[in-house]
Amino acid sequence: MNDSWKLYLHYLGISIRAQMQYRASFVMMTIGFFFTTVIEFLGIWAMFARFGSLQGWSLAEIALFYSVINMAFALTEMFARGLDTFPNLVKSGDFDRLLLRPRSTLLQVLGSEVSLMRLGRILQALPIMLWGAHTVGVVWSPGKALLLIGATAGGTCLFVGLFLLQASMSFWTIESLEIANILTHGGTQTAQYPLDIYRPWFRIFFTFVVPLACANILPLNVILQRPGATPLLGALSPCLGLLFLGVAMLAWGQGVRRYCSTGS
Amino acid sequence: MAHIVVENLVKTFEVAERQAGMWGAVRGLVKRTHRTVQALDGVSFELQAGELVGYIGPNGAGKSTTVKTLAGILVPTSGRCEVLGRVPWKERTAHVKQLGVVFGQRTQLWWDLPVVESLELLRDIYGVTAVRYKAMLAELTERLSLGDLLDTPVRQLSLGQRMRCDLAASLLHEPPILFLDEPTIGLDAVSKLAVREFVQHLNRERGVTVILTTHDMDDIEALCTRVIVIGGGRILSDGTLDALRDRVTREHWLILDLEDETLELEDPDAEILRRDGRRVTLRFDPARVPTALLISRLTARYPVRDLFVQNPPIEEIIARLYREQAA
């Protein structure tokens with residue numbers, strides 16, 4: 001296990017060095033990611049400037065929702081980029097090479113590409129998070145801080161799980177299925193707002209099927225001390241993301257087995 | 001000791017047939033038609049430790065299906081397969097630690113990195129100790145003349161240089177078994193010789209068991225004592241090169257350089273295969289007419305400047321074997 005981390009760090013170092021060979025392009029892309037999301041948040045700000053609040057939620061509160069989900073998504077795009085480009089690996093036959101090495105295929109795929117430029121999006125989400133928390137006047141405690149980190153981590157696990165499910169689909173079909181994009185990009189858009197503004201069936205879907213709630217109202221209600229917040233549920237909510245990732249890993253394992261029996 | 005045992009290996013693939021056009025794609029979603037392809041149809045062989053075997057066959061014969069099965073990345077439909085006492089696809093990680101695999105067509109090195117960085121990553125992937133790594137790297141660098149290449153990014157290497165680096169990359173963990181898939185494809189003559197020499201060294205000095213798949217018959221003649229020929233998913237022939245020749249044809253070729261290029265030549269026991277200018281290639285069966293007799297008969301009748309006798313080239317043998325199989 002320990003050895004796997006060492007190997008992953010080795011991959012990481014290599015990936016960073018490879019990207020630093022094209023430094024100018026790295027800087028430009030990072031700045032690009034920073035500004036596209038800044039503009040997105042300006043849009044939300046403009047809406048609140050016009051309407052004041054959204055079903056009782058203030059802009060500063062929304063800022064927390066926005067930053068948690070965006071940070072989770074950016075971390076996923078940064079560290080699970082290899083899963084995003086995975087269909088190419090299968091199509092080109094290079095996945096065979098990963099099977100020929102005595103390591104977990106997932107570790108090798110994740111190691112194959114780390115997209116540093118997503119730092120731009122993380123750098124943008126962080127100040128929004130701090131501003132939001134400050135403006136709302138969150139009374140911080142170690143538990144709350146931990147929960148905020150947990151919410152981001154849970155969201156990241158969930159998105160990695162979605163990426164993993166999408167990647168696993170290429171074991172079954174060579175056609176690129178954009179269904180998962182609806183859930184990843186669409187999910188990010190959705191969970192920028194508290195899930196309780198949506199219709200019940202929508203909320204149920206994003207709580208029990210694709211549990212985006214784990215990086216949304218479940219922990220954030222607790223942090224914001226909203227009425228009706230359940231601290232225990234909030235504290236456990238990051239586990240939902242982890243659980244989802246676990247299920248996705250099972251699907252991946254099935255996919256690899258299928259690949260070995262069909263050879264395509 | 002048998003390193004590799006393959007018994008009655010069968011592999012069938014279900015290939016989805018796609019209809020043309022937009023409507024076809026839509027129909028494909030609802031109802032798929034499948035075609036069954038028999039890639040391996042009862043393949044059996046055994047390889048002893050330290051053998052160097054050529055595994056040849058036309059495209060689609062089942063070569064890569066066999067190699068993929070041996071490598072553990074393909075599960076056969078039925079049959080037995082053991083490599084060093086392990087079933088390849090059941091214990092993937094333990095199994096692949098014992099393998100070196102080189103594909104001539106694609107590199108396993110990281111494209112943007114200097115070669116040495118790829119080697120260091122492979123060291124960690126295979127868990128090679130620092131001491132062994134240092135020793136192997138020194139040896140491989142010397143044997144394959146990698147000195148100047150190690151700090152070069154892979155994308156800047158020539159094909160021959162890249163191949164040498166790829167060989168080094170797949171041997172760092174000192175595997176007892178090596179699969180080479182067309183290792184000389186596209187290489188210039190000098191690089192080909194270097195690769196062959198190195199493979200021979202590995203096999204003879206280090207006792208590495210090698211399976212070589214190739215379309216280059218010079219590779220086979222230079223390296224392999226044993227040749228397995230596969231066609232249509234079945235083994236057509238398995239034995240020494242000489243035995244293969246004997247099985248397919250015992251004919252010899254007599255090549256004559258005549259004094260005069262307009263001369264018509266004829267002999268009841270020999271058939272003219274081709275003629276370019278002064279050079280005539282005849283084929284004959286030494287069992288029907290002794291070589292010495294044929295030569296003396298021809299030189300008595302025709303003005304011959306030079307002559308030599310040879311075996312039909314291996315390409316010819318293989319091509320005939322395939323035709324026989326197809327018929």
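This is a predicted model: local features need pLDDT of at least 70, side-chain atom pairs count only at pLDDT 80 or more; totals for chains, interfaces and linings use all residues.

Colleague: Is H9(A) mostly covered or mostly uncovered?

Modeller: A residue is called buried when its relative accessible area is under 20%. In H9(A), 20 of the 28 residues are buried, and the helix is mostly covered.

Colleague: Now the two chains. How many residues of chain B are in contact with chain A?

Modeller: Contact means heavy atoms within 4.5 Å. Here 30 residues of chain B are in contact with 28 residues of chain A. The two chains bury about 2,700 Å² between them, with 53% of that on carbon and sulfur atoms. On the side of chain B, the residues that lose the most area to chain A are B:Ile73, B:Arg92 and B:Ile125, together 23% of what that side buries.

Colleague: How many salt bridges are there between chain B and chain A?

Modeller: The count is 3. A:Asp96 forms a salt bridge with B:Lys68, where the closest N and O atoms are 3.4 Å apart.

Colleague: Which elements of chain B give two or more residues to the side that touches chain A?

Modeller: Among them are strand S1 (2-17), helix H2 (63-71) and helix H4 (115-126) of chain B. H4(B) gives the most, with 8 residues. By type, the residues of that side divide into 15 nonpolar, 2 polar and 13 charged.

Conventions. Residues are numbered from 1 along each chain as its sequence is written. Chains are lettered from A and ligands numbered from 1 in the order in which they are written. Side-chain values use heavy atoms; hydrogens and water are left out. Buried area is the accessible area (1.4 Å probe) that two parts lose on being put together, summed over both. A salt bridge is a side-chain nitrogen of Lys or Arg within 4 Å of a carboxyl oxygen of Asp or Glu. Helices (H or I, at least four residues) and strands (E, at least two) are DSSP runs, numbered from the N terminus. Ala, Val, Leu, Ile, Met, Phe, Trp, Tyr, Cys and Pro count as nonpolar, Asp, Glu, Lys and Arg as charged, and the others, Gly among them, as polar. Buried means under 20% relative accessible area, exposed over 50%, partly exposed in between (1.4 Å probe, protein chains only).
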